[in-house]
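Try each one before you read its solution.

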Amino acid sequence: MAQPNPLTTPPPGADTKVVPGHVEHPEAHSGAFPPFETSGFLAQIIWLALAFGLLYYLMDKVALPRIRGILHDRAERLRGDLDKAQAMKAEADAAGVAYETSLRDAQNKARDIAQATRNELAAEAEGKRKALEAELNTKLAASEATIRSRTEAAMGNVRGIAGETASAIVERLTGQAPDQASLNRALDATAH
Amino acid sequence: MAVTIDPIHQFELKSLVPLGHIGHQQLAFTQSALYMFAAVGVIALITIVATSSRAVVPGRIQSLAEIFYEFIDDTVHQATGDQGKKFMPLVFSLFMFVLVLNLFGMIPYAFAVTSHLIITFGLAALVISVVVGYGVYKHGTHFFGLFVPSGVPKPLLAILVPIEVISFISRPISLSVRLFANMLAGHIAMKIFAFFVVQLLLAGAWSVLSPLPLFLTIALTALEFLVAALQAYVFATLTAIYLNDALHPGH
């Protein structure tokens, strides 16, 4: 050491305490083992009190409230966000359920409408078919009646023609015309 | 060439600004004081400057401050329960102060403030005076029930009470000596092993052995980092445990 250290060099008149194990390097440190050098104790305690007091003040008034605030805010924000997410999820679930319900309603309604339309159309077709059938039936009946009257008329004409033919044949064969009564008898006999 | 070993030199106080003396007491602004204020500055940087943005997503140093906070908060809470919250600033300040000063000591050529018994004793005395002061303020004479274990036969108390008193008085001593001795011994051991490297290198053929103390020095350095952090933690934890006695005296 170039210049004497005022802290490790005891002031004049002070008891020079020499730790036995360290006397071999008097030029490096004259005096006691530094951590036990009592002459610096007061100053060290004063500086410690000042430094630690300042540190305590800063931590107590500034640092710790701020960090506590940061951690608290973060926890609050996380809880808020989670709550919001929960609410949104519930909302989404509700929307899903509503969608499903409305879809099912729409499907049901569509099915009902289709069924109703189908029934209506079927009823209409059935009605038309019945009307047509009835019309056809009446026409059929009319036709049948016409046919029957025509047949009867035709049959009536056949008797007349047969009578005339028979009377003509008999006149040619016998030379005289048969009387009407016998002709009718003969006609009746052949008709059955 | 002679190399002399002086593992003690590193602990010497150096006066930066002499301020005179009172009797035997030298008053000066020493490097020790400078380191203490530097430690306060570094702690303020971590816990105040880095947190000034109050970011919800923290940066690295804010994250560090939060980790320290939560760590000490947990420690205090575990030791003292809910009422211990008011001592959080004290325990946090002690932990950060001791941790940063210990780590400062790990910087080459730096001074380890905590290797001075008066500093560690000052901190331990602060802790014990807070314990006794708060205990008496809060519980009055009931606080001294701390020394009387409950459920013990009267004759045994004659033996147990002195033991409890002695164990209580030894607390500030053990608290301060533990930290001081760890730092002192660690730094001396590192210095000595590092010195062996130099000595072996200058010893001709023996220099082939010089890597051995080098590896030891490296291992010791790693160990000293562990010790630096661990002793700060031990100091903070014991402080919290002692404060618990002030909050809840009686066994």
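For the first exercise you need one cut-off: a residue counts as exposed when its relative accessible area is over 50%, as buried under 20%, and as partly exposed in between. Keep in mind that this is a predicted model.

**Exercise 1.** Work out whether B:Tyr109 is buried or exposed, and find the loop it sits in.

*Solution.* Start with the location: B:Tyr109 lies in the loop between α3 (88-105) and α4 (117-139) of chain B. Next, take its relative accessibility, 86%; that is why B:Tyr109 counts as exposed. Finally, check the backbone: phi is positive, about 70°, even though B:Tyr109 isn't a glycine. Most residues other than glycine have a negative phi.

**Exercise 2.** Describe the interface of chain A and chain B, beginning with the area the two bury.

*Solution.* First the area: the two chains bury about 4,700 Å² between them, with 74% of it on carbon and sulfur atoms. On the chain A side, A:Gln44, A:Trp47 and A:Arg66 lose the most area to chain B, together 14% of what that side buries. Then the residues in contact: 45 come from chain A and 56 from chain B. Last, the salt bridges: the rule finds 1 across this interface, and A:Arg74 and B:Glu66 meet in a salt bridge at 2.9 Å, N to O.

Key. Residues are numbered from 1 along each chain as its sequence is written. Chains are lettered from A and ligands numbered from 1 in the order in which they are written. This is a predicted model: local features need pLDDT of at least 70, side-chain atom pairs count only at pLDDT 80 or more; totals for chains, interfaces and linings use all residues. Side-chain values use heavy atoms; hydrogens and water are left out. Helices (H or I, at least four residues) and strands (E, at least two) are DSSP runs, numbered from the N terminus. Buried means under 20% relative accessible area, exposed over 50%, partly exposed in between (1.4 Å probe, protein chains only). Contact means heavy atoms within 4.5 Å. Buried area is the accessible area (1.4 Å probe) that two parts lose on being put together, summed over both. A salt bridge is a side-chain nitrogen of Lys or Arg within 4 Å of a carboxyl oxygen of Asp or Glu.
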